[in-house]
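Please look over the sequence and the model shown here before reading on. The report that comes after them is written for a reader who wants the cut-offs stated alongside the values.

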Amino acid sequence: MSISIKFEFKFYVNREVNKNQKNDDVLLQSRFLQLADQEVERLKLSLSPSTIENYKTFLRSIQFYMQENIIVSDVNEQFVKGYERWLRNRNLCLNTVSCYMRSFRSLLNRINGENHTRVFKGVYTGRSK
């Protein structure tokens, strides 16, 4: 019987890079609803009341959709499409679904500091007559 042991060492030359990487990893492992709620609270003074209400309505809706609060890194194309399908199955107006999806994309971009257009590819975010 033989035993094999493997060690892996990671060295970071630049502490600033290591610190930023660690912050990004922590952010991606954070819970989406808490981060989104904190972001809405932070934006209260800089955005219109109607936009804040749209964000809050979206947050209530997605909280109802989720079985459990997911981490930010789990928000992927499959999750977004599932949420859109769930909204449509509730017989919501196309513009209502679009408003929720725009709020979702906006908050996700604000939380993560990235552009998540690929995650929302194929999701209707326009306005119909």
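## Basis of the values

This is a predicted model, in which local features need pLDDT of at least 70 and side-chain atom pairs count only at pLDDT 80 or more, while totals for chains, interfaces and linings use all residues. Residues are numbered from 1 along each chain as its sequence is written, and side-chain values use heavy atoms, with hydrogens and water left out.

## Overall fold

The chain has five helices and zero strands, where helices (H or I, at least four residues) and strands (E, at least two) are DSSP runs numbered from the N terminus. Along the sequence this gives the pattern α-α-α-α-α.

Of the 129 residues in the chain, 33% are buried, a class defined as under 20% relative accessible area, with exposed set at over 50% and partly exposed in between (1.4 Å probe, protein chains only). The accessible surface of the chain is about 9,400 Å², and carbon and sulfur atoms hold 48% of that surface; areas come from the Shrake-Rupley method with a 1.4 Å probe, and for residues only the protein chains shown count as cover. Among contacts (heavy atoms within 4.5 Å) with a separation of 6 or more, 66% join residues 24 or more positions apart.

Helix H5 covers residues 94-112, and its 19 residues should span 27 Å at 1.5 Å a residue, in agreement with the 27 Å between its end C-alpha atoms; the expected span is 1.5 Å times one less than the number of residues. Just after H5, Gly-113 has a positive phi of about 70°.

A nonpolar core is a set of buried Ala, Val, Leu, Ile, Met, Phe, Trp, Tyr and Cys residues joined through side-chain atoms within 4.5 Å. The largest such core has 30 residues, of which Phe-32, Phe-58, Ile-62, Tyr-83, Met-101 and Phe-104 touch the most other members. Helices H2 (32-43), H3 (49-65), H4 (77-89) and H5 each supply at least two residues of this core, and H5 gives the most, with seven residues. Leaving aside residues up to four places away in sequence, Ile-62 touches Leu-33, Phe-79, Tyr-83 and Phe-104.

## Aromatic pairs

The structure holds 11 aromatic pairs, counted when ring centres of Phe, Tyr and Trp (its six-membered ring) lie within 6.5 Å, with planes under 30 degrees apart called stacked, over 60 edge-to-face and the rest tilted. Tyr-83 and Trp-86 are stacked, because their ring centres are 6.1 Å apart and their planes stand at 20°.

Tyr-83 is buried, with a relative accessible area of 0%, and Tyr-83 also forms an edge-to-face pair with Phe-104, at 5.8 Å centre to centre and 90° between the planes. Since Tyr-83 lies in helix H4 and Phe-104 in helix H5, this pair ties together parts 21 residues apart in sequence.

## Salt bridges

There are three salt bridges, each a side-chain nitrogen of Lys or Arg within 4 Å of a carboxyl oxygen of Asp or Glu. Glu-39 and Arg-42 form one with their closest N and O atoms 2.5 Å apart; Glu-39 is buried at 10% relative accessible area, whereas Arg-42 is exposed at 55%. Another joins Glu-84 and Arg-88 at 3.3 Å, N to O, and a further one joins Glu-41 and Lys-44 at 3.2 Å.
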